[in-house]
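Turn it around as you go and follow along.

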Amino acid sequence: MARLNYNHLHYFWAVATNGNLTRTAEELHVSQSALSIQIKKLEQQLGHALFHREGKRLVLTEAGRLALAHANVIFANGAELQSALRDGVGVSKVLRVGALSTLSRNFQMRFLDPLFARQQTRVVVRTGTLNYLIHELEAHRLDVILTNVVPASDATTPWHAHTIDRQAVGLIGRPDSADQDASLDRLLAEYPIIVPTRETDMRVSFDALVNRLGAKPRILAEVDDMALLRLMARQGVGLVVVPPIVVADELESGELLVIAELPGCVESFTALHLERQFPNELLRKVLEASTTLFADEDA
């Protein structure tokens, strides 16, 4: 199949957008016949008529409406590319966000909230494993990754880890799940405990706390999915080691309580991004907004 002629497509797009062949020819400084010939060549290449006449009016066919939809995207992207390369900044109205599939949905929503308040801004959110998301980031198909697991870095690591929030972690459970007056040692020894898997900050700090206390907790399950940890807490399966943001609604309603604080246990929520020659300006703004937002909430 012959490669699409974008000059022909541009002439079609101009006429379809303008709605008038004569006026478009004048604006493009070409004759009407030349403009008609260009559009006819595009129709021949695509194998479909793009316009039909109703009296003196040119009306898009179904194929023409489809071609116009694609042309709008193509030329909008072209304009964005020119702006990005001219200004040295990706002036984009689209932010492509990758989120670790096991990450707290509450945290994701709080990060995304400032974007939803911006008019004419579109958000694309993809979830997956960290390896998949890093691959998409490096391929420029994502602008930022939200994660609570930061990959190992060294002097050659290309990404930047922007810590958005650090939250204290507690033992969370239903009011009837445990004796609320019990000591931490007793809670750990006598009640089933559900912990995150070992690659997270909060599991590392939980294990360090347990070692300091010389405790032997009754570990019922190790779970990497924040949504499942939240559900287990609500079901009363055991006492769950999570930061408050994961169960914020349940804590507010009283369905769940912080049965005990875990001294020194923290969870970090991080935005992972690459250094770009032409950065997405929207990313800088949302990182600034999210840092302020979480700082205000923690105050």
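Val30 counts as partly exposed because its relative accessibility is 24%; buried means under 20% relative accessible area, exposed over 50% and partly exposed in between, using a 1.4 Å probe and protein chains only. You'll find Val30 in the loop between helix 2 and helix 3. Here helices (H or I, at least four residues) and strands (E, at least two) are DSSP runs, numbered from the N terminus. Setting aside residues up to four places away in sequence, Val30 touches Tyr11, Ala25 and Leu35, where contact means heavy atoms within 4.5 Å.

A word on the ground rules: this is a predicted model, in which local features need pLDDT of at least 70 and side-chain atom pairs count only at pLDDT 80 or more, while totals for chains, interfaces and linings use all residues. Residues are numbered from 1 along each chain as its sequence is written, and side-chain values use heavy atoms, with hydrogens and water left out.

How do helix 2 and helix 3 cross? The axes of helix 2 (residues 21-28) and helix 3 (residues 32-46) come within 9 Å, crossing at roughly 100°. That makes helix 2 roughly perpendicular to helix 3. Axes are lines fitted to C-alpha atoms, for helices over the stretch in contact, and angles run from 0 to 180 degrees between N-to-C directions. Angles under 35 degrees count as roughly parallel, over 145 as roughly antiparallel, 65 to 115 as roughly perpendicular and the rest as oblique. On the helix 2 side, Leu21, Thr22, Thr24, Ala25 and Leu28 meet Gln32, Leu35 and Ser36 of helix 3. Sorted by class, this contact of helix 2 with helix 3 has four nonpolar, four polar and no charged residues; Ala, Val, Leu, Ile, Met, Phe, Trp, Tyr, Cys and Pro count as nonpolar, Asp, Glu, Lys and Arg as charged, and the others, Gly among them, as polar.

Helix 1 (residues 6-18) also packs with helix 2, at an angle of about 125° and with the axes 9 Å apart. That makes helix 1 oblique to helix 2. From helix 1 come His10, Tyr11, Ala14, Val15 and Asn18, and from helix 2 Leu21, Arg23, Thr24, Glu27 and Leu28. The contact of helix 1 with helix 2 has five nonpolar, three polar and two charged residues.

## A hairpin

Strand 1 (residues 51-54) pairs with strand 2 (residues 57-60) in the antiparallel sense, over four bridges; two strands pair if DSSP finds at least two bridges between them. Glu54 has Arg57 of strand 2 as its bridge partner. The hairpin has two residues between the strands, and Gly55 takes a positive phi near 70° there.

Now for the open sheet: eight strands in the order 4-3-5-10-6-9-7-8, with mixed pairing. Strand 4 (122-128) and strand 8 (218-223) stand at the edges with a single partner strand each, so one side of each has no neighbour in the sheet. From one strand to the next, the twist averages 25°.

Strand 5 (residues 144-147) and strand 10 (residues 257-274) run antiparallel, joined by three bridges, and Thr147 has Thr270 as its partner in strand 10. Helix 9 packs on the sheet, touching strand 6, strand 7 (192-196), strand 8, strand 9 (239-242) and strand 10, and its direction makes about 150° with that of strand 9. Strand 9 is covered on both faces, with Leu239 and Val241 buried on one side and Val240 and Val242 buried on the other. Three bridges join strand 9 to strand 6 in antiparallel fashion, with Gly170 partnered by Val242. Strand 7 runs parallel to strand 9, with two bridges, and Ile193 stands opposite Leu239.

## Two residues to look up

Which residues does Arg230 touch? Arg230 lies in helix 9 (residues 226-235) and, not counting residues up to four places away in sequence, touches Asn106, Val246, Val247, Asp249 and Glu250. Arg230 and Val247 are 17 residues apart in sequence and 6.1 Å apart in space, C-alpha to C-alpha.

Is Ser177 buried or exposed? Ser177 is buried, with a relative accessible area of 19%. Ser177 sits in the loop between strand 6 and helix 7 (184-190). Leaving aside neighbours within four places in sequence, Ser177 is in contact with Tyr191, Gly236 and Leu239.
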